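Try each task before you read its solution.

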Amino acid sequence: MTATGTYSPKPGAAPLGRMIATQAALETKMLLRNGEQLLLTVVIPTLLLVLFSSVDIVDTGTGEAVDFLTPGILALAVMSTAFTGQAIATGFERRYGVLKRLAASPLPRWGLMTAKTASVLVTEILQIVLLTVIAFALGWDPQGNPIAVLLLLILGTAAFSGLGLLMAGTLKAEATLAAANLVFLLLLVGGGVIVPLDKFPPGAQDVLGLLPISALSDGLRDVLQHGAGMPWGDLGILAVWAVVGLAAAGRFFRWE
């Protein structure tokens with residue numbers, strides 16, 4: 001107790017920035033310790049990259065298979081973390097009342113969502129570093145503008161995060177688990193990640209090309225494999241998905 005009769009340190013909530021950083025660190029640790037999350041975010045993308053780059057299973061066109069596959073696998077890594085992993089984790093946090101309790105803490109709800117987004121970004125950075133190292137070891141020769149790659153990854157993360165939070169905040173946890181994994185598998189096959197979109201019928205190509213995973217994988221491929229400039233069309237598709245997904249999540253997300 002000080003001379004003025006007040007207690008030191010002064011009781012109260014920590015600064016907002018510190019609360020968000022602490023929550024983001026906790027979210028990241030929980031994600032990296034979860035075996036299912038590691039399978040989705042690290043093991044599956046790594047195995048797909050190594051397997052399909054080493055064995056001629058899918059016709060990826062002219063050039064080295066790793067040059068075609070790496071952009072698609074990077075897009076898959078973003079989807080696995082920002083959409084599938086986040087949807088499942090948040091869905092069960094909502095079911096067990098974790099979100100309700102956190103919402104009653106000094107950390108505001110938007111701060112909690114910011115912490116979750118920061119956790120996703122940290123995980124994605126680790127994924128991208130790991131996959132890039134493996135791709136270089138397999139003979140990957142990237143081209144293009146790194147700024148375009150960064151914009152694609154940011155918009156892709158925003159789009160998938162919005163969709164993941166929308167699913168987690170509206171469906172029951174078990175339904176979220178099933179739906180998120182099903183969507184992951186469907187988009188893995190039909191999103192231009194491993195199988196080129198031109199292998200599908202023309203009508204299906206037009207529809208599949210509007211999906212966020214297709215826009216992200218094709219945009220990254222145009223830049224990193226073909227050395228294209230800014231892929232405005234793909235960026236536009238991702239921006240629309242990001243705005244719609246985040247707006248819908250903010251409108252319909254239920255904390256209980």
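**Exercise 1.** Find which residues UniProt lists as "transmembrane region", then describe the span 118–140.

*Solution.* Start with the record. The unreviewed UniProt entry lists residues 38–57, 69–92, 118–140, 146–168, 175–197 and 235–253. Now turn to the model, which is predicted. Residues 118–140 are 87% helix and 0% strand. Their end C-alpha atoms lie 29 Å apart. Check residues 175–197 too: 70% helix, 0% strand, with the end C-alpha atoms 29 Å apart.

**Exercise 2.** Describe helix α2: what is its reach, where does it kink, and what do its buried residues pack against?

*Solution.* First, the reach. Helix α2 covers residues 35–54, 20 residues in total. From first C-alpha to last it reaches 26 Å, close to the expected 28 Å. Next, the kink. It is about 35° and lies at Val43, shortly before Pro45. Then look at burial, which means under 20% relative accessible area. The buried residues of α2 include Leu40, Thr41, Pro45, Leu48, Leu49 and Phe52. Last, the partners. The buried residues of α2 pack against α1, α3, α5 and α7.

**Exercise 3.** Count the helices and strands, then judge how compact the chain is.

*Solution.* Count first: 10 helices and 0 strands. Finish with contacts. Among those between residues at least 6 apart in sequence, 81% join residues at least 24 apart.

Terms used: Residues numbered from 1 in each chain as written. Predicted model: local features only at pLDDT ≥ 70, side-chain atom pairs only at ≥ 80, totals over all residues. Heavy atoms only, no water. UniProt positions renumbered as here; feature names shortened; annotations may be inferred. Helix = DSSP H or I, 4+ residues; strand = E, 2+ residues; numbered from the N terminus. Expected span 1.5 Å × (residues − 1). Bend = angle between axes of the 7 residues up to and from the residue. Buried < 20%, exposed > 50% of the residue type's maximum accessible area, 1.4 Å probe, protein only. Contact = heavy atoms within 4.5 Å. Rg over C-alpha atoms; globule rule 2.2 N^0.38 Å.
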